[in-house]
Structures are given as C-alpha cells and as structure tokens.
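This report goes through selected local features of one structure, from backbone geometry to side-chain contacts. The sequence and the coordinates come before the discussion.

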Amino acid sequence: MAQQSLNQNIFRLVVGIVLITTVVILVNVWTSTNNHAQQQLNRDLDVAESVLEEILANREEQLINSSLVLTADFGFKQAVATEDRATIDSVLQNHGERIDADLMALTSLDGINITSTPSVLPVGQPFPHQTLITNVLRDGGVSSYMQVGNELYQVILLTVDAPSPIAITLLGFRLDGELLSQLKNVTQLDTSLQASGSNSRPLFLSTLPVSEQDNITASISRQLNWREVAFGFSDAIVSREMELASEHDLSISILLTEDINRLFNEFSTLQANIAIIAFLSVIFALIFAALLSRRLTRPLSRLSAIAGRISSGNYDYKIEHESDTREFTNLATAFRQMQESIKAREERITYQANHDAVTQLYNRHSADRILQEKLDDGAFLQAIGVSILGFRNINDVFGYQNGDVCLHQISRRLSTLGGFGARLTGGELLWVPGRELGSDELEELRLSLEQPVNTGELVVNIQVSLGVMLCPQHADTAEDLFRRMNILLDTAKLQQQILAYDEELDKKYQRRLSVVTELEKVLRDEKNEFSLHYQPKVNLQTGKVQSLEALLRWHSSELGFIPPDEFIVLAEHAGFINQITDWVVTQAISDLALLQSKDIPLSVSVNLSAQDVTNAHLLANIQQQLNQQQVAEHSFAIEITESDLLKEPEKAIRCLMEYRQHGFEIAIDDFGTGYSSLAYLKSLPVNVLKIDKSFVLNLDQQQEDQQIVSSILELAKSFDLHVVAEGIENAESLALLHNWGCEWGQGYFISKPLSFTALVEWYEVHKDTNWVG
C-alpha cells in the first residue's frame, strides 16, 4: 500500500486554507480573543483562590503555634491538672487577647465543656462536635472548622499533656464578613461563605449586593461559550466554589465571584466587528475540518482506544494498525514498544516495592500484608526469626558491602528451603516454613545458616540465634507477631540459642517498660523515691569500722521496691544513668558531711558505671560538691565493676587516671568474675580490689573458694593493692581473711545495709567493737 506522509496531507490542507487567508485571519483573531478572555477569567479566579488559601493557611499556622505555646505552658498545665478555673480562664483570656483569637476554650477528655472565652460553649455541657474530640485523642491534635450558633470558626484543638493527656484546649478565629471584606480588598473579587449541617442552621455571608446573591449558585464553575462572548452575557457573574471543610455533619465552602461585564467590556466592540466575518469563516473552516478529521480522527480514535487499554493495565492486547499515512504506522509501532516497556517496568517496580533490595526477600510492609491475609484465613504458621549475632560489628569490621553479602547469602539459604521469607530490620530475618519444624530440624537449620560466608575477599564466620513462634497461638495478627518476635529475638540474642516464645518474655518486656517509664517520671518530676543505704566496712587490721559503701535503693510509689541490679541496667540503656549518678554523688557527699559534723570519722565509696567514669562532667561535679561541703577528697572513694572495665579498657584507664591524679581511691568491684582483667591489672590506676561475695559467702566451708581468695590476696600483694572482701556471713570466714592478711571486710555478719539514721544509731553502738578481737 502506497503511503503518504502527514506533511503532504498538511501541505494540501494549507494550500486550501491559503485561498481564504482573510477568513482564517479573522477566525484566529476571534479565537485568540475568546481564549484570552477565558484565560484572564481563570487567572483572576486562580489568583483569588491562592490568596484565600494563603490567608487561611497563615491563620491556621498562627493557631497551631499559639496552641503549642499554650499547651506547653507549665502554669496552664498545673491549673488544668488542679482544676483551677480562675487561672484557666485568666490564661485563656490573656492568651486569646495576645493573638486576637475569637474563641478560646477548654474541654475535658470525655468531651464536656470546662470553660470558653467568650462564653459560647455552655460549661458542663457536651462539646458540640464530639468527632473532633475523638480525633484529638487519637492524633494529639486536629485542625478543623466548626459552627457555634450563628458563628463559624477556624479552630485548632490540642491535648494538654502532663505528660499524658488531661484535657483538650481549643483556639479559633471567626470566619465573618470582616474576613470576606478583607479578601475582596486583596483580590478585587466578591467573596461569599456558606455553611450547612444537620445539627446547625444554614449560614450565608457575602460581599455581593443582595440583588445578585440569588444568581450565585447558577454561576458556580460556569464556563463561557462563544455565543456569550460574541453577543453578551445572560448572567453578569461567574463563580468558583472552594470547599473548606466537609466533616462532622458540617459542610463549608467559599465562593469567589467575578463580574464578567467588567472583564469583557474591552472585547465587545471587537467581537461585533468580526461577527459577520467569523460566521463565514466557520462555514469554510467546517468544510476543511471535515476533510482533515476524516483522515485523522479514525486512526487516532483506534490508537486512543489502545492507549486506554494500556492505561488500565491491559498489556496483552496485540496492536495491529495499517494506514496509508507513514506517521500513523510509525505511531502504532511506537505504541507497541511503549506497551512492552511499560509492562516490563511495572513488573520490575512491583517486585522492588514488595521485596528487600539486599536479600530479595519480602520487605516488612509486604510481609505484614501477606501474613495478615494468612492469619485472617485461619492458617497455622510457624514463624522463625533469624538474628545474625554481631551484624553491626560485621559491617564495622568488614565493611557494609561484605555485610550485605553475608546477609544475602543467609537469605538465599533460607529461600532454598521453601516457605516464606522476609527481612525485618538490619540483621534480622523472618522465615515461615511450609510445615512445622521439630527441635532437631531447628538445630540443623541453625547449623546450616552458620556456615562461613565467602564474600570473594574474605571468609566471615557467622553466628545466629533463632526465635520460634506458633500462630495464631502466640499472635493472631501480623502486628503482634512482629512486636513479639522483636522481643523474642532480643532475648535469644542474649542467650545465643534457639528460643521458643513464652508469655513470660512479654511480661518481662512490659515490666522493663514500666520500670523505665516510672524511672523517667521520678527523674523528671524529682520525686523523693530514691534513698541511700550504707553498709559498714571493717578494717581487719584494727578491727574497727572505718568506711562505708553507699548502696542505692528505689521504692517506687507505683511498682514497689525495685532491686538496683534491675533498674540500673535499664537506666544505662535508657540514658538516665548520669542523672542517677549525680543524685547519688550529691546525697552521699551530703551524708558524709553530716557524719563528719557528728564526729563520725567514716569514709564513703560509691559505685560508678563505665558511662559515669567516661562522663567528662562527673569529676568536676564531685570536686565541686566536696568543696561546698568541705569534705576531704580522701574521704570519698569510687568503685567500678570489673566487667565494665573490660568493655573499653583503654578509655576507662584514661578516665580513671584523672580520678587518681586528684587523690581519689578507686576500687575494682566484683573482682574475680571477669575473664581478662588480669591482663590490664598492672596498668589499671586502681588501689583497691573487692573480692566478689560469691567467693566469700561459704569461705569457711569451700576449699575451692579458699584457694581462689588466697590467690587473689597474693596477687594483690604483688601489685601493692588493698583488698576488700564482701559477703562475710560468719566469724569463721572473717577470721580466715584476717589471718590471710586481707585488709577490709564487709557483709551481713558485720551489718546489713542501713539507712542513714539507722547507720548513725548502729555506729554509736559498735564504734568501740573490735570485730577481729
């Protein structure tokens, strides 16, 4: 089939058009006039709409900022918490006057009006829009519009937190005629506001003359046509509706109105002059358009239908098109290529959206959806969590590229076993096998995953821990599965084993959360729940009590007594340990000064963590406290656990050296429980070793403990170190230690830890007691 180019067809058409050049020019003039008029109208309405949005956005931002300031005000929170109505009213009125707010209100969490300024919300009555209360409690804050009586307000509602929500505050600006007049002055367009709702009276405000307000509904989104442009307008206005809100049974919209006659007066004369010419031009244009459309519309319609199928996702339709125009044939070919490319790209995008880029397993979002579908269908699942132990260290030591290779290899090992796999986070994976695995099979799985990984550059040894859950017994939703699997894997990593889910893990996790939450409250609110107890230390050479160890105790008003070994570890992880240490140091030095004022010549030692020792401000704080209380530095000593020293020995040594240079005694607590501290003992800037109580409790009965303790005493002598033995439970153990040359001892045989008051009384009774006599 002989094909003709589109250029040839256009040329033939242009030749015909040239014959009626004058008519074409007149048509172009008319068309340009019409387009320009329509564009001018749209531009005016677009500008007005943008101005309106900007004004409302600025008002909303002002409300948000003011609300945040109000709800952050401590005095206001305290007034709300204590139900101090006078203070609440005063704060709301002052704050409202400061920002020129038209409405300030406070509502209880159950939606009962507490107060409002002005008094438009009846006190003690339900808040008129309970949906807003629900949204605020869910999201913490909401921006909306509401109608109260005959007034419409733009409002912001935020919860008052202390730290949990205790009330809801509301700030609002009125939407009234003054605002509409302001908008008209800026945009030069008339502005109308209408509101309606099932629970409120309809409201309508407008800057339009009353005579034109009846026509405003018919003028909304009105489009101009050529008859009106040419012969005048039946209606004088065009309006655009902008919806502000449609929620909680309240619909609010703004209408922007343009006077058409004012806009088009300049075109009237021109339209009249070209009317006759335009009529003739249309006749000729229709003739040529018919000829052109006959050649263009048919193939274009077919290609348009094809494009519709492609846009709806139908990529399997075979595109076949023949035309006597080369350009249409080329276009059909391009459509075929586009269809194939889009299909391939969509498949690739879909895969990437559902899979993790490193492991090629499902990502967490897709896993959530798939698992929830399985659980909703009542399927039984065995979910196995895989945690690569020390994965962060692998990245740090071998580089992220090699870390990704390790993760990819382990994922492939899981994939070859079938089932369903997903990456949770970092070095944690989730695998759901096709059937339930027994304990032996789980052990085989772990051994297979722990095979060394050859990255091409090096061989990386891998260790994993597994967490096993059964669903729906242990979790009936994907969200619960992920949450409990995280808890399970955290525990499994510590134990480095295959661990099955137990409800006690969840309870322990909730317990840790409760302890951390209460600890945060105690530190934030400075509650008087901490106390120091003191356990006496006896100088085994003189037989007299000459020193004390300060021991922190916490009696929580919510949780009761919490052992130090439980909350201290959590405080270190939560970043609270420095605050706790500051309190301990302050209290210990204060008690030490009080002892000296009572002529009780005792020194005090406090326990510090590795985080405390490396805290650059702690040493200066201790010296400042000692100077203020006029206590000598040699009366204050510190103890640090041996295991803490082994975490970062070089850094710990540098920091401890500063303490020694300022004259403080330093003791290694729980000595003998570590496994490598002997390598650092020579370089450690310490002068006291504390033998762990596990070696002393049964010293008089256990031959092995006697050998360990005597060896530690010999080692201490070789390094010129003093030794404290803790855990002395009877006179026989104390006598052995005395005979072996141990210098200090403490334990329940001498005294249990005592409160400060009980300590003073105990000392008065035993100050002349010779414990080794």
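D100 lies in the loop between α4 (85–99) and β1 (103–107). In this predicted model, D100 has a positive phi of about 60 degrees although it is not a glycine. With a relative accessible area of 58%, D100 is exposed, because exposed means over 50%.

Just after α11, G378 takes a positive phi of about 80 degrees. Helix α6 is followed by Q188, with a positive phi near 65 degrees.

**Cis peptide bonds**

The bond from T117 to P118 is cis, with omega near 0 degrees. P118 has its place in the loop between β2 (113–117) and α5 (130–139). The bond from C471 to P472 is likewise cis, and its omega is near 15 degrees. P472 belongs to the loop between β15 (464–471) and α15 (478–495).

Helix α11 covers residues 364–376, which makes 13 residues. Which residues of α11 are buried? They are S366, A367, I370, L371 and L375. Seen down the axis of α11, these buried residues fall within an arc of 160 degrees, so they line one face of the helix. The face turned away from the buried side of α11 carries the exposed residues H365 and D376.

Helix α6 (residues 177–187) can be read in the same manner. Its buried residues are L179, L180, L183 and T187. Around the axis they cover an arc of only 100 degrees, which puts them on the same side of α6. On the other side of α6, E178 and N185 are exposed.

**Salt bridges**

The count of salt bridges comes to 14. The table lists some of them.

| Side chain with N | Side chain with O | N to O distance |
|---|---|---|
| R174 | E151 | 3.2 Å |
| R524 | D525 | 3.1 Å |
| K690 | E639 | 3.2 Å |

The side chains of R174 and E151 meet in a salt bridge. Since R174 lies in strand β5 (residues 165–175) and E151 in strand β4 (residues 151–161), the pair ties together parts that are 23 residues apart in sequence. R174 has a relative accessibility of 23% and so counts as partly exposed. E151, at 31% relative accessibility, counts as partly exposed.

R524 forms a salt bridge with D525. R524 is partly exposed at 41% relative accessibility. D525 has a relative accessible area of 41% and is partly exposed.

Are the partners K690 and E639 buried or exposed? The side chains of K690 and E639 meet in a salt bridge with an N to O distance of 3.2 Å. This pair links distant parts of the chain, with K690 in strand β23 (residues 688–691) and E639 in strand β21 (residues 636–641), 51 residues apart. Both K690 and E639 are buried. Buried here means under 20% relative accessible area. K690 and E639 also belong to a network of salt bridges that links them with K537, E549 and E726.

**Aromatic rings**

How many aromatic pairs does the structure hold? There are ten aromatic pairs. One aromatic cluster is formed by F530, W554, F567 and W583. A contact between a charge and a ring is found at F482: the charged end of R364 sits over the ring of F482, 4.5 Å from the ring centre.

How values were computed:
Residues are numbered from 1 along each chain as its sequence is written. This is a predicted model: local features need pLDDT of at least 70, side-chain atom pairs count only at pLDDT 80 or more; totals for chains, interfaces and linings use all residues. Side-chain values use heavy atoms; hydrogens and water are left out. A salt bridge is a side-chain nitrogen of Lys or Arg within 4 Å of a carboxyl oxygen of Asp or Glu. Helices (H or I, at least four residues) and strands (E, at least two) are DSSP runs, numbered from the N terminus. Buried means under 20% relative accessible area, exposed over 50%, partly exposed in between (1.4 Å probe, protein chains only). The expected span of a helix is 1.5 Å times one less than its number of residues. The arc is that of the directions from the helix axis to the C-beta atoms. Rings of Phe, Tyr and Trp (its six-membered ring) pair if their centres lie within 6.5 Å; planes under 30 degrees apart count as stacked, over 60 as edge-to-face and the rest as tilted. A charge sits over a ring if NZ of Lys or CZ of Arg is within 6 Å of the ring centre and within 35 degrees of the ring normal.
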